[in-house]
Amino acid sequence: MTNTAAPPAEPLPVASPKEVRAHARRTMLRHRGPLARSLALHALACISALIAPQLLGRIVEGAAHGTVKVAPVALAICVAVVLQAVLTRFARLASLRLGETVLAEMREEFVDRVLSLPTHTVERAGTGELVTRTTRDVEVLAFTVQRAVPDTLVAGTTVALTIGAICLTDPLLVLPCLIAVPVLWLSTRWYLRRARAGYLRSSSSYAQLTDHLSETVAGARTVEALGLQERRRRRTNTDISASHRAELHTLNLRSVYLPIADTAYMLPVAATLVIGGWMYIEGLVTLAAATAATLYVQQVIGPVDTLLFWMDEIQVGGASMARILGVQTAAAVVHGSGKNSIDKTQRPAPHDGEIEVRGVHFAYRKQQASLRGIDLRIRPGERLAVVGPSGAGKSTLGRLVAGIDNPGSGSVALGGVPLSELSSDALRRDVILVTQEYHLFRGTLADNLLIARPDAEPADLERALRAVAAWEWASALGLSHEIGSGATELTPAQAQQVALARLVLLNPPVVVFDEATALLDPQTARTVERALAQLLSGTVVSIAHRLQTAHDADRVVVLEDGRIVESGPHRELIDRDGSYAQLWKSWHG
Ligand SMILES: Nc1ncnc2c1ncn2[C@@H]1O[C@H](COP(=O)(O)OP(=O)(O)OP(=O)(O)O)[C@@H](O)[C@H]1O
């Protein structure tokens with residue numbers, strides 16, 4: 001596959017604040033029972049915490065008038081405190097359970113979404129984008145859901161009930177509390193308007209840093225061989241500076257907002273003491289009410305502080321949630337599961353393995369067409385070889401036939417159904433693109449084959465391994481031998497054979513090979529290709545880099561500069577003495 005400079009990265013989408021709120025609302029509605037239980041327990045805990053200041057107020061009032069019996073009131077205070085401790089314990093347990101349930105659901109949903117992302121979306125987004133969303137963003141969100149959301153709910157309920165208690169004590173005493181409202185309102189509005197963008201910027205600069213760093217590590221040998229160290233170092237420094245600037249920006253926002261907020265919530269305490277005292281002297285309120293209100297305001301500082309502290313964390317969590325939900329949007333857009341998409345149950349099923357490419361144009365970049373008007377019908381079960389000079393568009397055609405990229409114009413259909421209308425599951429099941437890239441999982445050799453067909457018998461595994469000329473080394477190693485990272489490492493050629501054996505087990509309706517046997521020696525490659533042609537019952541499209549593949553195919557298509565210039569069986573094209581015959585001659589030296 002020819003790869004010039006990669007096209008610009010297309011970051012994965014980020015959900016809007018409205019979408020994030022709608023998702024949070026849906027989640028709360030789904031768990032309304034446990035949520036209501038948890039809130040009710042917190043409310044009860046909070047109400048029991050409101051009893052002590054009332055009673056203390058009475059003690060003060062009674063002491064002033066010499067009428068109080070301290071012992072029973074003190075006992076009542078003790079009972080209230082113990083009750084509050086017990087209720088708080090159960091309330092916390094309920095909200096932690098709820099948080100864990102929501103988190104587990106979100107993780108499962110997220111893994112499903114990531115796995116359903118189309119290959120080209122992942123390729124264009126860059127590794128860092130997805131790695132950051134699956135690691136850092138999920139961790140941040142987990143912290144928010146486990147800690148920030150329950151604590152905020154508790155603190156919010158406590159603040160509301162405490163203010164209600166002050167109202168009940170004496171509505172006049174609410175007035176000193178209001179002094180903090182305009183300061184908190186204006187500073188919070190100022191902060192919230194800037195914080196989301198700041199945290200999103202910080203996450204995406206971190207993703208870019210991760211992306212470039214992992215690229216440098218993966219290509220370390222190339223970097224060294226071409227003496228690119230200095231350039232990569234400069235790039236990393238630029239990324240670090242961008243990430244540092246983004247972090248600094250959010251830090252600056254916090255350093256302005258938090259001190260103002262801290263001061264604002266100390267104001268009501270002072271105001272209640274001074275104004276409440278004055279009201280008492282003026283006979284507007286009782287001493288018990290002024291005392292209780294001052295204690296309440298003092299008591300509310302903790303929850304307000306918690307609210308402000310977590311509000312910041314919720315901004316960070318909200319930004320992460322927007323990035324995580326964006327993965328869902330990306331999957332929905334590409335697979336047509338958005339608003340206007342076809343219902344899964346109504347999706348038509350391909351009636352056979354026929355591929356029809358009609359009027360297809362495709363460009364990775366504007367003004368640089370890689371395919372220019374391809375019309376091609378591939379019969380079910382046909383073995384088609386695509387040949388042509390480097391850069392002719394062979395791999396691009398293979399990616400379009402496999403549904404990895406969508407045509408800019410024109411259509412690709414499988415068994416009469418446009419690929420764009422197939423669900424991602426159906427597409428992955430019916431059309432498989434096999435390239436040089438493969439992955440071995442840590443596990444036994446048999447496990448690595450069984451992922452293709454879990455119900456395969458040992459005889460099936462043997463047949464598949466024999467087909468790809470791997471039986472000799474595989475039986476010597478043993479099917480129950482551990483392979484993969486950290487265990488026995490197979491050679492690249494052996495690993496490619498395992499990947500091809502999986503394909504034999506899968507036997508999908510359509511296979512597109514692109515350099516799938518490039519790591520095998522030419523003799524083995526030809527044997528394997530012939531065996532695969534025999535064993536695979538579906539349609540096979542081979543991007544042929546060795547012309548032997550074309551020789552063995554039912555039909556050959558010659559691509560030049562993004563167009564089909566010849567099509568026919570090997571013998572016929574040789575007799576025609578055109579482009580293919582020239583390629584064949586030059587290949588034979
Ligand atoms: N990821 C990409 N981004 C931008 N341009 C690309 C990309 N991949 C391929 N191209 C361009 O598209 C055209 C067709 O490339 P393609 O890889 O399909 O050719 P090919 O016939 O498979 O070549 P080769 O035999 O060298 O693999 C070329 O001009 C190539 O530079």
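A residue counts as buried if 20 or more other C-beta atoms lie within 10 Å of its own, as exposed if there are 12 or fewer, and as partly exposed in between, with C-beta atoms placed from the backbone. Helices (H or I, at least four residues) and strands (E, at least two) are DSSP runs, numbered from the N terminus.

Two points on the source. What you see is a predicted model, in which local features need pLDDT of at least 70 and side-chain atom pairs count only at pLDDT 80 or more, while totals for chains, interfaces and linings use all residues. Residues are numbered from 1 along each chain as its sequence is written.

I start with helix α11. This helix covers residues 394–401, and eight of its eight residues are buried, so the rest of the structure largely encloses it. The buried residues are K394, S395, T396, L397, G398, R399, L400 and V401. After α11 comes G403, which has a positive phi, near 75 degrees.

Now the sheet. Two strands pair if DSSP finds at least two bridges between them. Here four strands make an open sheet, ordered β2-β1-β4-β5, with antiparallel pairing. At the edges are β2 (368–378) and β5 (417–418), each of which pairs on one side only. α11 packs on this sheet and touches β1, β2 and β4, and its direction makes about 120 degrees with that of β1. Contact here means that the C-beta atoms of two residues, placed from the backbone, lie within 7 Å.

Which residues of β2 and β4 are the bridge partners of I355? In β4 the partner is L414, and in β2 it is I378. Strand β1 (residues 355–365) pairs with strand β4 (residues 409–414) over five bridges, in the antiparallel sense. Between β1 and β2 there are eight bridges, again antiparallel. One further bridge joins E356 to R377 in β2. β1 and β2 form a hairpin with two residues between them, and in the turn Q367 has a positive phi of about 70 degrees.

On to helix packing. Two packed helices are described by the angle between their axes and the distance between the axes. Axes are lines fitted to C-alpha atoms, for helices over the stretch in contact, and angles run from 0 to 180 degrees between N-to-C directions. Angles under 35 degrees count as roughly parallel, over 145 as roughly antiparallel, 65 to 115 as roughly perpendicular, and the rest as oblique. A crossing is left-handed if the near helix is turned anticlockwise from the far one by less than a right angle, and right-handed if clockwise.

Helix α7 (residues 180–218) packs against helix α9 (residues 229–281) at about 160 degrees, and their axes are 8 Å apart. That angle makes α7 roughly antiparallel to α9. Their crossing is left-handed. The contact of α7 with α9 involves 20 nonpolar, eleven polar and six charged residues. For these classes, Ala, Val, Leu, Ile, Met, Phe, Trp, Tyr, Cys and Pro count as nonpolar, Asp, Glu, Lys and Arg as charged, and the others, Gly among them, as polar.

Next, helix α14 (residues 458–467) and helix α16 (residues 492–506): their axes come within 8 Å and cross at roughly 125 degrees. The two are therefore oblique to each other, and α14 passes α16 in a right-handed crossing. D460, A464, L465 and A467 of α14 meet A501, V504 and L505 of α16. By class, that contact has six nonpolar, no polar and one charged residues.

Last, two valines. Beyond its neighbours within four places in sequence, V558 contacts V387, G388, I564, V565, E566, S579 and Y580. V111, found in helix α3 (residues 70–115), is exposed, with 12 other C-beta atoms within 10 Å.
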